[in-house]
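Here's a quick tour for anyone meeting this structure for the first time. Take a look at it before reading on.

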Amino acid sequence: MANKNEIAPSETSVRISIPYLANVIVSLPLIGMVTSFIASVLFTKEQIFESECGSRNFIPSFSSVIGVSPGKYIWRMAIAFHCFPRFLIASLYHNQFKTSLSKVKCDSRLKYFILKQLISLNTFFELCEVFGLILLSYISSKENYSLHEKAFILFMLSSTFRMITCLILFRHLLYKLWLNNDIDDKNKKFRFQTSYQWKMRLFCSAFIFSLLLIFAYVRHTSKCSNNIGQPSTAWSYFSACEYIICCLIMGYHATVCWDFNHFELTIYNKTTAKLNYAFMKSEGEIENEQKDIHSSR
């Protein structure tokens with residue numbers, strides 16, 4: 001039996017707000033991109049303003065910026081701290097969509113099956129996006145251009161499909177729950193509505209600039225193959241689209257703050273938590289015994 005005068009063991013815990021964590025996750029690539037760009041312009045200006053076919057660009061490509069020192073080390077450090085929490089965010093979205101699917105009444109089994117598969121695909125595309133980002137960050141275009149190019153394509157495709165599947169799931173799960181008034185919290189409804197609207201705007205903008213990026217890349221490649229790369233500015237437009245798309249994708253990820261506003265990451269000592277539970281249980285038993293003694297008298 002535990003004595004009432006005994007001190008309960010302390011339960012050490014760390015609580016991190018998900019919106020706060022999301023702000024840190026999004027800001028790291030943004031800070032890394034700006035810092036590496038400034039550092040590369042200051043220290044390696046001659047190396048980053050030229051394309052593969054010798055044309056002089058007025059905007060350096062992002063691949064060139066993160067491919068030379070010191071820019072590549074700044075960017076890699078930012079990505080190293082950025083990518084690990086992304087797996088946590090992917091898990092949160094996966095669980096949220098699965099919970100919403102169990103609450104939504106689907107018209108047919110086929111629709112239920114499609115939504116269930118889309119949840120798995122959304123998580124898969126998110127993981128591919130993170131993997132592609134790591135690959136293109138740590139294998140620069142100057143070290144292995146072919147592999148860096150494939151990693152960039154993987155990142156762009158997985159990011160695009162991830163945004164599409166996320167929007168579909170938002171529309172048919174979370175947004176549907178909001179429309180059917182299954183979410184009682186008015187603030188939560190407003191957050192989901194705002195999040196969906198901004199996701200749609202950012203995706204449409206990113207998709208338009210992705211098409212412009214592809215057009216600029218094809219134009220630059222054709223000019224290079226025809227040995228008329230010197231007067232071409234296509235690579236500069238490609239580079240500008242790169243930076244804009246990166247900022248739009250970061251903005252898309254920042255909507256996590258609305259999706260998990262009241263969520264927090266908790267780290268606690270499992271052993272002391274069990275001891276505290278046993279201690280409080282013992283105190284309760286003592287109080288019950290004392291009440292039984294008083295009642296018997």
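This is a predicted model: local features need pLDDT of at least 70, side-chain atom pairs count only at pLDDT 80 or more; totals for chains, interfaces and linings use all residues.

Residues are numbered from 1 along each chain as its sequence is written, and side-chain values use heavy atoms, leaving out hydrogens and water.

Let's start with His82, which sits in helix H4 (residues 71-103); helices are DSSP runs of H or I with at least four residues, numbered from the N terminus. His82 counts as buried because its relative accessibility is 5%, and buried means under 20% relative accessible area with a 1.4 Å probe, protein chains only. A polar atom of its side chain lies 2.7 Å from the backbone oxygen of Ile25. Leaving aside residues up to four places away in sequence, His82 touches Ile25, Leu28, Pro29 and Leu133, where contact means heavy atoms within 4.5 Å.

Now for Leu42, over in helix H1 (residues 18-43). Leu42 has 63% relative accessibility, so it counts as exposed, a label for anything over 50%.

UniProt's unreviewed entry lists residues 20-43, 73-93, 114-139 and 198-218 as "transmembrane region", though such annotations may be inferred rather than shown by experiment. Here are two of those spans:

Terms used
Helices (H or I, at least four residues) and strands (E, at least two) are DSSP runs, numbered from the N terminus. A polar contact is a pair of N or O atoms within 3.5 Å; within protein, one must be able to donate a hydrogen and the other to accept it, and residues adjacent in sequence count only if both atoms are side-chain atoms.
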